[in-house]
Amino acid sequence: KGTFTYDMKPLDIKEIVATEAEDRRAVAETKGLKYDLEIMNGNYHTKADLNQIREAVRNLIDNAINYTQKGSINLRLTTKNNKILLEIKDTGVGISNELKPKLFTKGGRDKDSLKINVNSTGFGLSIVKSIVDAHKGRVWADSAGPNKGSTFYMELPIV
C-alpha cells in the first residue's frame with residue numbers, strides 16, 4: 001500500500017551480492033548446477049535499505065536455483081552509466097511470452113510453476129519490483145522462451 005518505511009543508508013551492493021551468492025552456492029551445487037559469480041571492478045555504493053535489498057537479491061538468486069533443473073547459473077555484477085547492474089543468467093525453465101507481462105505482478109507465475117517449485121507463491125517477483133522501485137532502480141527479465149533459460153536484471157543508481 002506504499003506505507004512501508006525504508007531505512008535508506010549508504011551501503012556497498014558488492015558486499016550484499018557476494019554474501020548472498022556465496023550463501024546459496026551449496027544449494028545450487030547440490031542440485032548439480034554450475035554456479036559462478038563474477039564481480040567486475042567498480043563503484044557499488046548506493047543508498048538503500050540493507051535488509052530489503054538483501055531480500056531482493058536473495059529472491060532473484062533463489063528463483064534462478066529453484067527454476068533451473070540442470071545446467072548453470074551465472075551471476076555478474078557490473079557498473080555502467082552511473083548504474084549498478086546485477087545480472088543472473090540461468091539455463092532453467094525460461095519465460096513464455098504469455099508470462100512476461102505478468103512476471104513482476106502479484107500472483108504472476110506460470111501455470112506450471114508449482115510443478116517445478118512447490119514453494120512458489122507468485123508474489124516474490126512483485127515484492128522484488130516494489131523494493132527495487134523504492135530504491136529508484138529497475139528490475140526486468142529476458143528469455144528466449146520456455147526451456148531456454150532466463151536472465152534477470154536488477155539495476156540501482158550509484159550514489
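Reader: Which residues of H1 meet which residues of H2?

Author: From H1, Ile 13, Ile 16, Val 17, Glu 20, Ala 21, Arg 24, Val 27 and Ala 28 meet Leu 50, Ile 53, Arg 54, Val 57, Arg 58, Ile 61, Asp 62 and Ile 65 of H2. Contact means heavy atoms within 4.5 Å. The residues of this contact divide into 11 nonpolar, no polar and 5 charged. Ala, Val, Leu, Ile, Met, Phe, Trp, Tyr, Cys and Pro count as nonpolar, Asp, Glu, Lys and Arg as charged, and the others, Gly among them, as polar.

This is a predicted model, in which local features need pLDDT of at least 70 and side-chain atom pairs count only at pLDDT 80 or more, while totals for chains, interfaces and linings use all residues. Residues are numbered from 1 along each chain as its sequence is written, and side-chain values use heavy atoms, with hydrogens and water left out.

Reader: How do H1 and H2 cross?

Author: The axes of helix H1 (residues 13-30) and H2 come within 10 Å and cross at roughly 35°. Axes are lines fitted to C-alpha atoms, for helices over the stretch in contact, and angles run from 0 to 180 degrees between N-to-C directions. The crossing of H1 and H2 is right-handed. A crossing gets that name if the near helix is turned clockwise from the far one by less than a right angle, and is left-handed if anticlockwise.

Reader: Which hand has the crossing of H2 and H4, left or right?

Author: That crossing is left-handed. H2 (residues 50-66) and H4 (residues 124-134) pack at about 145°, with axes 9 Å apart. The residues of their contact divide into 6 nonpolar, 4 polar and 1 charged.

Reader: What makes something a helix or a strand here, and how many are there?

Author: Both are DSSP runs numbered from the N terminus: helices are H or I with at least four residues, strands E with at least two. The chain has 4 helices and 7 strands, in the order β-α-β-β-α-β-β-α-α-β-β.

Reader: Why is the pair of Phe 104 and Phe 152 given its class?

Author: Rings of Phe, Tyr and Trp (its six-membered ring) pair if their centres lie within 6.5 Å; planes under 30 degrees apart count as stacked, over 60 as edge-to-face and the rest as tilted. Phe 104 and Phe 152 have ring centres 6.2 Å apart and planes at 65°, so the pair is edge-to-face. These two residues are 48 residues apart, Phe 104 in the loop between strand S5 (83-90) and helix H3 (113-116), Phe 152 in strand S7 (residues 150-157). Both are buried.

Reader: What makes Trp 140 and Tyr 153 stacked?

Author: Their ring centres are 4.9 Å apart and their planes lie at 15°, so the pair is stacked.

Reader: Is Trp 140 buried or partly exposed, and why?

Author: Buried means under 20% relative accessible area, exposed over 50%, partly exposed in between (1.4 Å probe, protein chains only). Trp 140, at 24%, is therefore partly exposed. Tyr 153, at 16%, is buried.

Reader: Why is Ser 72 called buried?

Author: Its relative accessible area is 15%, so Ser 72 counts as buried. Ser 72 lies in strand S4 (residues 72-80).

Reader: Where does pLDDT stay under 50?

Author: Over residues 109-115. pLDDT is the predictor's confidence in each residue, from 0 to 100. Where it is low, the predicted coordinates should not be read in detail. The chain averages 89.
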